[in-house]
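Subject: Structure handover

Hello,

Here is the structure we talked about. My notes follow below it.

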Amino acid sequence: MMDFGSTEMEMLWLSIVLGIVQLLVATLLSVSSRGMPWGVSPRDTNAPPMGLRGARIERAYRNFIETFPFFAAAVLIVQVLNKHTPSTVIGAQVYFWSRLIYVPAYALGVPYLRTIVWVASLIGIGMVMLGVWPGM
């Protein structure tokens, strides 16, 4: 097992891996449905439509990109300040696991679950941030 120095840093590393996997899957689905000529083009025109699942995977990845910088910044603040608390540990775990669940929930179009796990990921970020709040 690798030693990340803290659970929060381990969750950050796993989240990076999750993001890279999502990027690769979204790219593969994009090229398979839009074709290699579009994939290697400068993309100056609108993209041809993708299939339902591919489009959902692509949107799930974009949503990950929207939340990940906040999570990464919060974890790095915890690490730099050495403010590891139960809140920061659990919050980092909540973020990672909810983002992992989000991908199939979005790809399968499960009503309400996608929104619930998205909210959970934001709660996870909030828990990490609260752990370094002065006086907490």
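Is valine 21 buried, partly exposed or exposed? Valine 21 is partly exposed, because its relative accessible area is 42%. The classes are buried (under 20% relative accessible area), exposed (over 50%) and partly exposed (in between), with a 1.4 Å probe and protein chains only.

Before the rest, the ground rules. This is a predicted model, in which local features need pLDDT of at least 70, side-chain atom pairs count only at pLDDT 80 or more, and totals for chains, interfaces and linings use all residues. Residues are numbered from 1 along each chain as its sequence is written, and side-chain values use heavy atoms, leaving out hydrogens and water.

**Surface patch**

Valine 21 is found in helix 1 (residues 7–34). Helices are DSSP runs (H or I, at least four residues), numbered from the N terminus. Valine 21 also belongs to a nonpolar surface patch, together with Met2, Trp13, Val17, Val25 and Leu29. Together these residues have about 470 Å² of accessible area. Areas come from the Shrake-Rupley method with a 1.4 Å probe; for residues, only the protein chains shown count as cover. Patch members have over 30% relative accessible area and no salt bridge; nonpolar side chains (Val, Leu, Ile, Met, Phe, Trp, Tyr) are joined within 5 Å, like charges within 9 Å.

**Aromatic pairs**

The structure holds 5 aromatic pairs. Rings of Phe, Tyr and Trp (its six-membered ring) pair if their centres lie within 6.5 Å; planes under 30 degrees apart are stacked, over 60 edge-to-face, the rest tilted. Phenylalanine 4 and tryptophan 13 make a tilted pair, because their planes stand at 45°, with centres 5.4 Å apart. Tryptophan 13 is partly exposed, at 37% relative accessible area.

Tyrosine 102 and tyrosine 106 form an edge-to-face pair: 5.6 Å centre to centre, 75° between the planes. Both lie in helix 4 (residues 86–108), 4 residues apart, about one turn of the helix. Tyrosine 102 is buried at 2%, and tyrosine 106 is buried at 11%.

Each of these tyrosines has an arginine over its face. Arginine 99 sits 4.4 Å from the ring centre of tyrosine 102. Arginine 114 sits 4.5 Å from the ring centre of tyrosine 106. The test is NZ of Lys or CZ of Arg within 6 Å of the ring centre and within 35 degrees of the ring normal.

**Serine 121**

Arginine 99 turns up again here: serine 121 touches Tyr95, Ser98 and Arg99, not counting residues up to four places away in sequence. Contact means heavy atoms within 4.5 Å. Serine 121 lies in helix 5 (residues 113–131). Serine 121 is buried, with a relative accessible area of 0%. Proline 104 is 17 residues away from serine 121 in sequence and 15 Å away in space, C-alpha to C-alpha.

**Salt bridge**

How many salt bridges does a search of the whole structure find? It finds 1. A salt bridge is a side-chain nitrogen of Lys or Arg within 4 Å of a carboxyl oxygen of Asp or Glu. Arginine 62 and glutamate 58 form it, with the closest N and O atoms 3.3 Å apart. They are 4 residues apart in helix 3, so about one helical turn separates them. Arginine 62 is partly exposed, at 45% relative accessibility. Glutamate 58 is buried, at 19%. Glutamate 58 also touches Ala26, Ser30, Arg34 and Met50, not counting residues up to four places away in sequence.

Best wishes

Conventions:
Helix = DSSP H or I, 4+ residues; strand = E, 2+ residues; numbered from the N terminus.
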